[in-house]
Amino acid sequence: MNESLQMQRQVDAIYRTESRRVFATLIRLLGDFDLAEEALHDAFAVAMAQWPRDGVPAKPRPWLVSVGRFKAIDNLRRRTRFDASLAELAQQLDAQPDLPDDDLEDDRLRLIFTCCHPALPQEAQVALTLREVCGLKTEEIASAFLLAPPTLAQRIVRAKAKIRAAGIPYQVPALEDLPDRLDTVMQVIYLVFNEGYAASSGPSLTRADLSGEAIRLGRLVLELLPDPEVMGLLALMLLQESRRQARTSTTGDLILLSDQNRELWNQEQIAEGRSLVQQALSSAQVGPYGIQAAIAAVHAEAPDPAATDWAQIVGLYSLLAQIEPTPVVHLNRAVAVAMRDGPQAGLHLLDEILAEGDLAHYHLAHAARADLCRQLGETAEAKASYQRALDLVKQEPERRFLESRLRELV
Amino acid sequence: MKYMLLIYSDENVWAEGEQERCYQDSVKLTQDLQAKGQYLGASPLQSVATATSVRMRDGKRLVTDGPFAETREQLGGYFLIEAEDLDDAIAIAGRIPAAHKGTVEIRPLVELTGLPPGQ
């Protein structure tokens with residue numbers, strides 16, 4: 001009894017570490033997601049029956065792949081009686097040689113690129129990645145995204161149907177397409193992260209798991225494809241995640257960076273994030289994720305808000321504005337300039353940006369302006385800008401924050 | 001796999017001579033595809049002003065002037081190709097000269113058996 005319990009634990013552990021890799025390889029060999037999933041379960045069923053008797057094989061992964069493949073061929077043969085076209089597929093599979101062990105590694109990368117193919121809608125990319133790469137259950141993903149499970153299941157079914165019918169390949173993209181395709185993968189990962197991070201109320205526990213999954217995905221992609229921007233993305237996620245405990249109050253209100261209790265920041269995540277940022281920045285091709293991570297690292301290095309190196313943050317935002325000249329980046333840069341050179345300098349920049357018109361309906365731009373006016377003692381201007389921000393704000397915690405600021409002025 | 005690449009663009013944005021150049025460049029692309037065994041067919045279409053629509057309803061044939069749908073961008077031509085997979089088809093679509101002005105929609109073909117070979 002004890003022995004069988006031990007075996008069960010061992011198989012469970014192997015399932016956790018190997019099942020996604022075996023699955024990814026089976027998709028390549030079988031050319032079909034559903035067939036591969038069935039084969040994966042069959043392979044583990046055989047393992048449960050055989051391993052207690054014969055012992056765990058020295059290399060469980062190729063063993064599972066091989067058994068899964070034979071099971072799939074068996075299944076196809078059995079179904080052949082009903083569908084003649086399957087016979088041909090079974091024959092093809094049978095003729096394939098067994099692949100050397102080291103070929104198996106790349107399959108997870110193939111799987112990621114297929115799930116994040118730009119020919120799929122982004123919401124399907126996200127669902128498919130969490131389901132097939134991370135191995136989450138449909139119900140788990142649905143609850144994390146506050147969707148009904150059938151809605152999410154349908155999204156996945158449609159995506160798989162398109163992969164099949166449109167001929168979306170199971171491969172790592174060609175070198176010339178790689179930067180674009182990697183961008184899509186990073187967008188999906190960061191979207192999953194933010195979905196878990198931005199949720200500050202409600203069933204927040206399940207959503208925090210999403211951030212964890214995104215970090216895991218970031219690690220996986222970095223391990224398989226060591227790219228400086230992937231490094232930057234992982235660093236950015238770790239540095240943001242390090243503040244999770246400090247960024248909401250017990251009542252669920254958002255706490256600004258400058259007001260957070262820095263004792264609550266996770267030092268282990270900060271250390272890992274900083275070391276990754278350094279590596280990313282030392283490569284010639286630093287990108288937006290790397291720079292944003294560097295900004296987060298500068299914040300993380302300051303023991304208290306007053307000790308923040310604002311000159312460095314301004315420099316990093318200037319660099320970011322060159323690569324991504326969006327109004328929001330310019331806004332953040334103006335706020336950093338205000339911290340470095342005083343509110344007057346920041347207000348001057350901010351008014352120039354607001355005059356461009358792109359941020360006229362962005363509540364945070366008006367809230368930032370109000371704050372600078374307040375510091376300068378221009379109460380009437382501050383009130384007007386807080387009021388403008390209040391007219392535009394949509395989230396309840398932010399509204400409460402702005403209202404309290406406005407009250408303080410009166 | 002076989003793919004139909006449908007080229008949509010606003011007919012009014014083509015300047016004098018521009019369309020002619022686009023046709024010539026497209027012919028070059030078809031020759032290149034032919035050399036690689038990926039060419040099945042291609043053609044520009046006459047302006048949407050020449051379109052006629054036919055539908056059979058209750059055994060009666062209804063013929064109307066104009067395209068199936070009035071849109072700002074119209075179907076202006078097509079390439080029919082043999083491609084390895086969607087990524088291959090996307091790469092070829094990106095080489096279609098008209099992709100610089102309009103949009104190329106990629107549609108995989110349903111491969112029916114029993115069709116006679118084309119001319």
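Which domains does the domain assignment of chain A give? The assignment, whose bounds come from an automatic or database source, gives domain 1 (2-99) and domain 2 (309-410). The C-alpha centres of these two domains of chain A lie 57 Å apart. The model is predicted, so that local features need pLDDT of at least 70 and side-chain atom pairs count only at pLDDT 80 or more, whereas totals for chains, interfaces and linings use all residues. Residues are numbered from 1 along each chain as its sequence is written, chains are lettered from A in the order in which they are written, and side-chain values use heavy atoms, with hydrogens and water left out.

The largest nonpolar core holds 125 residues; such a core is a set of buried Ala, Val, Leu, Ile, Met, Phe, Trp, Tyr and Cys residues joined through side-chain atoms within 4.5 Å, buried meaning under 20% relative accessible area (1.4 Å probe, protein chains only). The members that touch the most others are A:Leu64, A:Leu111, A:Leu130, A:Met237, B:Leu5 and B:Ile81. Because domain 1 (2-99) and domain 2 (309-410) of chain A both give residues to this core, it lies between them. A second, separate core of 22 residues includes A:Leu331 and A:Ala365.

Chain A and chain B bury about 580 Å² between them, 56% of it on carbon and sulfur atoms; buried area is the accessible area (1.4 Å probe) that two parts lose on being put together, summed over both. A:Ala166, A:Gly167 and A:Pro169 supply 50% of the area that chain A buries against chain B. One salt bridge is found across the interface, the criterion being a side-chain nitrogen of Lys or Arg within 4 Å of a carboxyl oxygen of Asp or Glu. B:Asp87 forms a salt bridge with A:Arg181, with the closest N and O atoms 3.4 Å apart.

Technical notes
Buried means under 20% relative accessible area, exposed over 50%, partly exposed in between (1.4 Å probe, protein chains only).
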